[in-house]
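Hi,

Here is the structure I said I would pass on.

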Amino acid sequence: GVKIYDTQSQTRITFIDRPPDSPRADLFKCSLHWQDDSTLLIGWADQIKVARIRTRPRKSPSMSNIPLIVEITAVFQLDCMVSGIVPHPLFQPVSPVPVDAVKRSNGSGSVRSISSTPLALTAFLILAYTPPDMSLLAGNEATSDRAEQARKQAERPELRIISRAGEELAAEALGITNYERWNCNDYVLVDIDAGSTKGPASSVATEWYYVVLSPKDLVVVKPRDWRDHVAWLVERKRYEEALDEIERRSGEADASGEKDVVDAVQIGQIYIEHLIKEGDFVKAARLCPKVCGQDTKRWEDWIFVFAQKHQLQAIIPYIPTESPTLGPLVYEIVLTHFLAHDRQALLQTIKTWPKGIYDIAAVIVAVQSELERAPSSSSMKSMGSDTVILMECLAELYTLNRQPGKALPYFLRLRRPNVFNFIKENNLFADVQDQALLLVEFDRELREKRKEAGEDIDTEPVSAITLLVDHIHPIPNARVVQQLQLRPPYLYLYLDALFHKDLHLTSPYADTQLGPFLPFSSVGLYAEYAPKGLVDFLRASNYYNLEKAYNVCNDRDLVPEMVFLLGRMGNNKKALNPIIERLGDANRATDFAKEQHDDDLWEDLLRYSETRPGAYCRRSSANVGAEIDPIRLIRRIKNGLEIPGLKGALIKILHDFNLQVSLLEGCQTILNGDCADLVFKLHKNQTSGFFLGAKMPCPICNKPISQPPDGIVLLFLCRHVVYAHCVEHDDDLPHQPDQTLIGLGIGGQPGFSGKIAFTAILRAKIRQGCPVCHNKGEGERT
């Protein structure tokens, strides 16, 4: 049995006897372990007892000299023999996975420290031994059977965790060398406290482990941590759970500063390989971003694996285009895959991917090759959807490759509404000089669609025509006219816009045939498609042949245009006849007579008015103005001729005549006032003095003006002061008389009268007046 002795009182406290019917004590030893100062764990044979030492109550009468008593708080019956027992703290959560055993054969091994936070609750860790010979337990050891007397091989020893409720929480068989030769007493289980360490969040945890001894081995046993749990999951191919556990625990490991971290990438690689073998490519592709991360080599390797398995579509959504950027070959493989299987995805990928990550020129060649094999058509309606997508791809690729000129034909064929803005933004006017007809047709289609949608487009200019006209230097007029010959309405729109921009630009096409397929000139186009605008063209332009233009108007019976052309040709009488005979418009006839300023034309109009004394004569008389004398018109009215409304017309004529007289008198009064003001200003300027400095230069010779002793300085009323020798024919001018001789009565009259006489002689000799003003009149610089 077990005797417990108190060293302080030097007395035995109690005696715990062996269980009844126990096996031999020499074969199955008793294992004792003090869990703390008052708890003793007893493992003997197939039983575990927990003895707790307590202070004896004061009122207890028996054995009062013994201060302590012992109580058996728990007894557990096992199905194995106990070779060793130690307390084992429980942690939350308690993993059902068995403990791990690290064996060091014939020597001691290094121990990896394990940090954790124990709770108050504990369990039992026992070293279990299963006897091979059950006769030792049954008590029939003496037998005559030779087979039963032979030594039997033992089972592997096990470490088991037994809860306080007697339940087995975990078990693990130990790999002991020659375990089949060892008995229960050959094993020893010891727990070791390795001290304290600082754990996560500055918490202090106890590091501990166990040691199992055998005759040949020393096994270090450590509690399983999350890394062991991950390894256990990987061993059982539960990779997804292992990765989740690593992701959840990696933050805690970083905070605690532990360097022994499980390689999640390696596990991820294994998991991807496993998924690919199982055929779950979608799940494997979804895992690649976590496993590959920023490693371009790993990314490329897995993409090539998916490509070899013909499962590239599974990993494409996860392929990175930046951070990291893979090699161009990878992206080209993806685009080639889309070109062969999903062209709509190809277009979307081209639009969304950065342009510098793949060789655009190589992709253009591949797409162009596919487009050439596709059935071609000139209209959008007859083109297949694949052809349309391929053209859109080429347009986008050329734009990304900075070749907008090559992208433009595809935009035009695809009828993209923003093509005109695209041309302007990329300055592609020279590229469309041979595609004028395509531009105009495309714009016409857009306008028809907008008109069907209910938009008012009649007042808006044609975008294509405006584009062609605004850029006549990169898009020459001759090339545009040559392309639009087959479509006379488009040609008219172009020439009309060109005419409004600069009428001189249409001079080559005024009356000449525009091409072999179009017998019209500009006049013919206006007469065919815009007769109302023909008169404006005829009035503004001087580059057409009058006779040819008249024939065009005569063929189409355009009377106003014929009247204008006859008037421009000088045949006023013939021009007046259609107005009177065909139009019967007295106002128009009068206006025509006013424009021509021809007295004979007025005579013809008055003579014709006499033949129609009714409304025609009244209108003619009412619309005359200053161009004809009203008395002349009134005298042509015969006596006794009855003209309805003549009185009102005559009153209007007289009123207009009086108004003209009043205007003339008012203008004369204003003119006389202005003349008087100007004469007064002239007189004031000529009679007033002005400053003349000694350093003022002569306007002719640029010499300073000063009173020379022997020269003459001339002062004109225009205030120009010049030397006499600067005047033409200065040799004919008289010399200044000597004042001394004049005082003696020789060489001239003395006093003021003599100066006036000398000035008169000079004025007579200077025929051209002021030389400065004369030179200005001749246009010379002074």
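How many residues has the largest nonpolar core, and which have the most contacts inside it? The answer is 115 residues, with Tyr358 and Tyr494 having the most contacts. By nonpolar core I mean buried Ala, Val, Leu, Ile, Met, Phe, Trp, Tyr and Cys joined through side-chain atoms within 4.5 Å; buried is under 20% relative accessible area (1.4 Å probe, protein chains only). Helix α12 (residues 385–400) gives this core its largest share, nine residues. Helices here are DSSP runs of H or I, at least four residues, numbered from the N terminus.

Before you go further: this is a predicted model, with local features needing pLDDT of at least 70 and side-chain atom pairs 80 or more, while totals for chains, interfaces and linings use all residues. Numbering runs from 1 along each chain as its sequence is written, and side-chain values use heavy atoms, without hydrogens or water.

Leaving aside neighbours within four places in sequence, Tyr358 is in contact (heavy atoms within 4.5 Å) with residues including Trp353, Val363, Leu397 and Leu400.

In helix α10 (residues 343–352), the buried residues include Leu346, Leu347 and Ile350. Among the elements covering the buried residues of α10 are α9 (328–341), α11 (360–373) and α12.

On to the rings: there are 14 aromatic pairs, meaning Phe, Tyr or Trp (six-membered ring) centres within 6.5 Å. Phe420 and Phe442 have centres 5.9 Å apart and planes at 15°, so they count as stacked (under 30 degrees). Both Phe420 and Phe442 are buried.

Cheers

Methods
Buried means under 20% relative accessible area, exposed over 50%, partly exposed in between (1.4 Å probe, protein chains only). Helices (H or I, at least four residues) and strands (E, at least two) are DSSP runs, numbered from the N terminus. Rings of Phe, Tyr and Trp (its six-membered ring) pair if their centres lie within 6.5 Å; planes under 30 degrees apart count as stacked, over 60 as edge-to-face and the rest as tilted.
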